[in-house]
Amino acid sequence: MPTLTKLYTMQEASQHNTKDDCWIVIDGMVYDVSSYLDEHPGGDDVVLATTGKDATDEFEDAGHSKSARELLETFCIGELDRSIPVIPKLEISSKKQTEVYAQKLEDLTKKYWAFPVAVVGISVVVGVLYLHKKK
């Protein structure tokens with residue numbers, strides 16, 4: 001394999017995560033597999049699921065053949081820059097999002113109130129009949 005001087009960060013590689021622009025990282029190497037997605041025997045969704053992270057384990061677990069590994073090398077565009085630590089992306093929840101979820105929960109409880117009420121009602125009737133028969 002030729003010596004590659006182009007270095008990419010994981011953040012940079014993860015920005016290429018669509019069917020038309022798909023990069024994956026395997027064993028510290030960066031591959032642009034955009035042109036291969038339609039031909040991938042496992043389907044493009046399998047490859048797209050590995051963008052934005054190191055896909056080495058997924059690649060190895062799939063048991064790719066020697067010819068598949070050779071084909072992968074033709075898509076190599078550079079190396080992963082390991083000098084920059086990978087910082088996980090934090091998901092920030094806003095107060096507005098929390099209010100939206102609370103509203104959805106409230107709507108659901110209003111919509112599906114009949115079933116729990118019916119269960120409690122039936123339980124009360126059965127209990128009263130049982131106690132009435134016992135006397």
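Where is the place of Asp 57? Asp 57 sits in helix α3, which covers residues 56-61.

## What you're looking at

This is a predicted model, so local features need pLDDT of at least 70 and side-chain atom pairs count only at pLDDT 80 or more, while totals for chains, interfaces and linings use all residues. Residues are numbered from 1 along each chain as its sequence is written, and side-chain values use heavy atoms, with hydrogens and water left out.

The chain comes to 6 helices and 5 strands; helices here are DSSP runs of H or I with at least four residues, strands are runs of E with at least two, and both are numbered from the N terminus. Read from the N terminus, the elements go β-α-β-β-β-α-α-α-β-α-α. Of the 135 residues, 22% count as buried (under 20% relative accessible area, with exposed being over 50% and partly exposed in between, using a 1.4 Å probe and protein chains only).

## The sheet

The 5 strands make an open sheet with mixed pairing, in the order β1-β5-β4-β3-β2. Two strands count as paired if DSSP finds at least two bridges between them. At the edges are β1 (7-8) and β2 (17-18), each pairing on one side only.

Further in, β3 (residues 21-26) and β4 (residues 29-32) run antiparallel and are joined by 4 bridges. β4 also pairs with β5 (residues 76-80), again in the antiparallel sense, over 3 bridges. Tyr 31 is a handy landmark here: Ile 24 stands opposite Tyr 31 of β4, and Tyr 31 also stands opposite Cys 76 in β5.

## The hairpin turn

β3 and β4 form a hairpin with 2 residues between them. Asp 27 lies in that loop, and its phi is positive, about 50 degrees, although Asp 27 is not a glycine. With a relative accessible area of 49%, Asp 27 is partly exposed.
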